Amino acid sequence: MIPRIDAFALLDPKHPDHAAACEQVVIGAADIGFLTVHNTPIPAAEVEDVIAAYRTFFHLPSGQKEAFDMAATGSNRGWGAPGSEQVDPNANPDYKQVFDCGFEVDPDDPVAALNLPGYAPNIWPDTPPDFGVILRNYYARATAFALDLLCAIATAAGENGAFFRDKFARPMALLRGNFYPTRPAWATEKDFGIATHTDYGCLTLLATDGSPGLEVRRRGGGWIPLSAPPGEFIINFGEMLEMWTSGRIKATPHRVIGTDAERISVPLFFNPGHDVNVAPEGSRPIKAVDHLQRRFNETYVHLQNRSGS
């Protein structure tokens, strides 16, 4: 069973249920690779506003969305059309749509001159109104919460949680809206909203509209359906954190097949700064940006085409 944890109990060492929350975190992080949190500092109403903004954008005519197509920008910012990602090379490109934004580097910051895709400028449509404002505000709140969660979860799992805190000063954190339409009539066994994959980075803070669709692979085989209402969050862990912690925290495969109802999810892929070494202790250094860019090049169809693979 996937643990459901009181976030305030986990984050406050003086809370009477802190020890019990930490025990559940160990199960979720070190064994299953997924957990959910409730009683968080992010109100359900704010999550619902974010989901509503994404829903309005995704229901725009394709011609309006094409002006923000990330295949034209060459970075993971803006709109991704159906078929723009292929997370599993043995499946067809995913039939979902996405909209991505991320950390905004100050123009005077020396990092801005590096022109790294992970810090590319955000692209904001005019419709819906205040789309950029809504997402920026949520991004700030969600990244702050994700950092607190990561440090607390790492501590509970036997890591030095404080070690991670200064590694996210310029997080390559990607906020995404996923739009999963109803499963198409033409879909085959190789067609998914998103095919089986593990996330690439550290911690994923996932908000959803409460609709079913997400499935988590069991260690012994089979799938666990998982959903959470707005205001509760699904937490899972990526390849980078599994590598960084020498396997003590697990990245678990998951997928979305699609149902007879549309679904919107809002993951925050929380990742450290570009130059942070995420290799296990004593191993050859691996920069966070190198790991992420390699995985993006394998996943985004427009980057696969550009690299000739």
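Tutor: A pocket, as the word is used here, is an open set of grid points with protein on both sides within 12 Å along at least five of seven lines, and a residue belongs to its lining if one of its atoms is within 4 Å of a point. Please keep in mind that this is a predicted model.

With that definition, we may turn to the largest pocket, which has a volume of about 210 Å³. Its lining consists of Glu 159, Asn 160, Phe 163, Phe 164, Trp 244, Ser 246, Arg 248, Asn 277, Ala 279, Pro 280 and Glu 281. Sorted by class, these are five nonpolar, three polar and three charged residues.

Ser 246 sits in the loop between helix 8 (239-244) and strand 11. Its phi is positive, about 55°, although Ser 246 is not a glycine. Most residues other than glycine have a negative phi. Ser 246 is partly exposed, with a relative accessible area of 43%.

The second largest pocket holds about 160 Å³ of space. Among the residues that line the second largest pocket are Phe 103, Glu 104, Val 105, Tyr 119, Pro 121 and Asn 122. By class, its lining has eight nonpolar, two polar and one charged residues.

Rolling a probe the size of a water molecule over the atoms shows where empty space is left. The count comes to three cavities of 30 Å³ or more, and the largest cavity has a volume of about 500 Å³. The largest cavity is lined by 43 residues, and those nearest its centre are Arg 176, His 197, Asp 199, Pro 267 and Phe 269. The lining of the largest cavity divides into 22 nonpolar, 15 polar and six charged residues.

Which elements each supply at least two residues of this lining? They are strand 5 (174-180), strand 6 (194-197), strand 7 (203-208), strand 10 (233-237), strand 11 (254-256), strand 12 (263-270) and helix 9 (288-299).

Let us end with helix 9. Its buried residues are Ala 288, Val 289, His 291, Leu 292, Gln 293, Arg 295, Phe 296 and Thr 299. At 1.5 Å a residue, the twelve residues of helix 9 should span 16 Å, and this agrees with the 17 Å between its end C-alpha atoms.

Note on methods. Residues numbered from 1 in each chain as written. Predicted model: local features only at pLDDT ≥ 70, side-chain atom pairs only at ≥ 80, totals over all residues. Heavy atoms only, no water. 1 Å grid on protein atoms, 1.4 Å probe; cavity = no way out; pocket = protein on both sides within 12 Å on 5 of 7 lines; lining within 4 Å. Points joined across faces, edges and corners; volume = space filled by probe spheres on them. Helix = DSSP H or I, 4+ residues; strand = E, 2+ residues; numbered from the N terminus. Nonpolar A, V, L, I, M, F, W, Y, C, P; charged D, E, K, R; others polar. Buried < 20%, exposed > 50% of the residue type's maximum accessible area, 1.4 Å probe, protein only. Expected span 1.5 Å × (residues − 1).
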